[in-house]
Amino acid sequence: MEEERVRRYKETLGRYLPQGTVEPLFVFLTQTNSVRLHITRERRTKLGDYRWPQPGHAFHEISVNGDLNPYLFLWVLLHEMAHLNTHKRYRNGVQAHGHEWQEQYALLLREYLHHFPAEVQGEIGRLTARIPLNRSLNRSIEASLKRYDPGYNAAEVLPTLAELPLGTTFSLEGKPEMVFRSLEKRRTRFRCVEVHTNREFLVAGRAPVVVVE
């Protein structure tokens with residue numbers, strides 16, 4: 001990359017990431033690997049994703065939501081970088097979030113641990129201490145990192161579907177006319193029934209919801 005492009009790239013990374021992480025992540029994304037990083041608008045169903053190179057398309061692709069605070073942006077970026085490292089080592093022969101990916105994610109979290117807030121580092125340390133990773137602790141860390149959002153107010157934060165027990169009746173944020181009841185967990189999504197029509201839907205576990213009494 002020529003000097004001006006390098007400067008602009010690092011400047012962009014610096015707007016989204018904690019101080020001190022730009023240089024090593026720039027090296028990972030542009031020198032160690034050929035990654036196209038997409039910073040997207042808010043997506044309710046996911047915070048980021050990874051796509052491996054395809055025939056005729058030699059780049060890895062990582063996307064991260066651009067509305068995340070720097071610590072949560074780093075958290076999600078490392079998650080997707082772990083997918084890249086797992087693909088390089090194992091190709092498509094392992095589960096998306098299996099032991100192999102968890103090991104790669106734990107390695108990256110340990111490497112970047114000191115860039116997270118001190119009060120969250122202990123939780124991250126406990127998460128990475130053993131494989132398999134503890135999913136409830138993972139969700140707790142993510143919730144802790146959301147507290148660094150500008151203007152964060154705990155009283156205004158909606159619970160996610162994954163945080164509520166099965167059988168909860170709820171509506172999706174901004175769609176009060178549809179009322180659902182959760183029936184079954186399926187990996188990262190939940191099978192739900194819309195109570196007025198009896199139609200079934202799959203709803204993302206990370207979706208913020210309004211509990212209906």
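**Rings and strands**

Author: F170 and F180 are both buried (under 20% relative accessible area with a 1.4 Å probe, protein chains only; over 50% would be exposed, in between partly exposed). By the way, this is a predicted model: local features need pLDDT of at least 70 and side-chain atom pairs count only at 80 or more, while totals for chains, interfaces and linings use all residues. Numbering starts from 1 along each chain as its sequence is written, and side-chain values use heavy atoms, with hydrogens and water left out.

Reader: What makes F170 and F180 a stacked pair?

Author: Rings of Phe, Tyr and Trp (its six-membered ring) pair if their centres lie within 6.5 Å; planes under 30 degrees apart count as stacked, over 60 as edge-to-face, the rest as tilted. Here the centres are 5.6 Å apart and the planes at 25 degrees, so F170 and F180 are stacked. F170 sits in strand β4 and F180 in strand β5, ten residues apart.

Reader: Why do you say K10 lies over the face of F26?

Author: The rule wants NZ of Lys or CZ of Arg within 6 Å of the ring centre and within 35 degrees of the ring normal. K10 passes, at 4.8 Å from the centre of F26. R36 does too, at 4.0 Å from the ring centre of F59.

Reader: How do you know that β6 and β7 pair?

Author: Pairing takes at least two DSSP bridges between strands, and five join β6 to β7, which run antiparallel. C192, for one, has F201 in β7 as its bridge partner.

Reader: What makes β7 and β8 edge strands?

Author: The open sheet runs β7-β6-β5-β4-β8. β7 and β8 each have a single partner strand, so one side of each is left without a neighbour in the sheet.

How values were computed. Helix = DSSP H or I, 4+ residues; strand = E, 2+ residues; numbered from the N terminus.
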